[in-house]
Amino acid sequence: MNKKILIVEDDIHISKIIKMNLNIVSYETTEVYDGLAALELLKREKFDLILLDVMIPKLDGFALMERIRPYRIPVIFLTAKNSVYDKVDGLRLGADDYMVKPFEAIELLARIETVLRRYGNEERVMGFQTLLVDLDKREVTKQGEVIELTPKEYDLLVVLIKNKNIALSREQFIDKVWGGDYYGETRTVDMHIKSLRKKLELQDHIKTIYKLGYRLED
């Protein structure tokens, strides 16, 4: 079942951009534009995570956080305020993370993934086309048959699926799969992508993005 995320952001343009990026990677999203509307909605519906702007009308993010704390829903604050004191206040109220606008969509997705994992809400089995990826077993099957992948091929596939329909640069793949202390050439990404395409028959789904990197598409 797809995770449900509540977006509480009074800037409609920003809210729509966040919603679009979350929907691309298969999160279910609901938008509200003020604190009171969010409070009323949370009394009726359950969510796996809340993206909460601090400066929202009727009931600001900090006040709303105090009211919803008993619901024990993870919260990531979104704000244009870069004050250390605001960040400390948010974290003291129980927020799980704090992001200052503007931010990149890929960073937001990574923060969401980390918080959901911390709460045990991360999907442990992922699917793409006829593939199933078991994160606990680190096992990939295609139509029931186990496909042998090297550790880096497996990690690369997981990154592709988690960022489906999002173009990632070779440098981003290096950072996510090989780590920030890797000093080899980015050409290793191309070699592993070539291997994944062949082993998993994903030639039509792993798209090359000219002068950038790759994107996994349905």
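Let's start with the area between domain 1 and domain 2. About 610 Å² is buried there, and carbon and sulfur atoms give 59% of that. Buried area here is the accessible area, with a 1.4 Å probe, that two parts lose on being put together, summed over both. Interface size is often quoted that way, as accessible area lost when parts come together. On the domain 1 side, Ile24, Val25 and Ile106 supply 65% of the area buried against domain 2, more than any other three residues.

A word on the source. This is a predicted model: local features need pLDDT of at least 70, side-chain atom pairs count only at pLDDT 80 or more, and totals for chains, interfaces and linings use all residues. Residues are numbered from 1 along each chain as its sequence is written, and side-chain values use heavy atoms, with hydrogens and water left out.

Now the domains themselves. Domain 1 is 4-119 and domain 2 is 125-216. Those bounds come from an automatic or database domain assignment. The two centres, taken over C-alpha atoms, are 29 Å apart. Eight residues of domain 1 contact eight residues of domain 2, where contact means heavy atoms within 4.5 Å.

What about charged pairs? There is one salt bridge between the domains. The term means a side-chain nitrogen of Lys or Arg within 4 Å of a carboxyl oxygen of Asp or Glu. Glu113 and Lys162 form a salt bridge, with the closest N and O atoms 2.9 Å apart. Helix α5, residues 105-118, gives the largest share of the domain 1 side that touches domain 2: five residues.

Polar contacts next. The rule finds one residue pair across the interface, both at pLDDT 80 or more. A polar contact is a pair of N or O atoms within 3.5 Å; within protein, one must be able to donate a hydrogen and the other to accept it, and residues adjacent in sequence count only if both atoms are side-chain atoms.

Step back to the whole chain. It has eight helices and 12 strands. These are DSSP runs, numbered from the N terminus: helices are H or I with at least four residues, strands are E with at least two. The C-alpha atoms fill a box of roughly 55 × 35 × 30 Å along the principal axes. Of the 218 residues, 48% are buried. Buried means under 20% relative accessible area, exposed over 50%, and partly exposed in between, with a 1.4 Å probe and protein chains only. Take contacts between residues at least 6 apart in sequence: 56% of them join residues at least 24 apart.

On to helix α7, residues 170-178. Which of its residues are buried? Arg170, Phe173, Ile174, Val177 and Trp178. They sit on the same side of α7, because they cover an arc of only 105 degrees around the axis. That arc is taken from the directions from the helix axis to the C-beta atoms. Their cover includes α6 (151-162), β10 (168-169), α8 (187-200) and β12 (213-216). After α7 comes Gly179, with a positive phi near 95 degrees.

Now His205. It is in the loop between α8 and β11, which is 206-209. Is His205 buried or exposed? Buried, at 16% relative accessible area. Leaving out residues up to four places away in sequence, His205 touches Phe128, Gln129, Arg215, Leu216, Glu217 and Asp218.

Gln129 is in the loop between β6 (125-128) and β7 (131-134).

Gln143 is a second case. Its phi is positive too, about 50 degrees, and it is not a glycine. Gln143 is in the loop between β8 (139-142) and β9 (145-147). At 67% relative accessibility, Gln143 is exposed.

Strand β11 holds Ile209. Ile209 is buried, at 18% relative accessible area. Beyond four places in sequence, Ile209 touches Ala167, Tyr214 and Arg215.

Two last stops. Lys101 and Pro102 are joined by a cis peptide bond, omega about -5 degrees. Pro102 is in the loop between β5 (97-100) and α5. And Ser15, in helix α1, residues 12-24, is buried at 0% relative accessibility. Residues up to four places away aside, Ser15 touches Ile7, Glu9, Glu31 and Tyr33.
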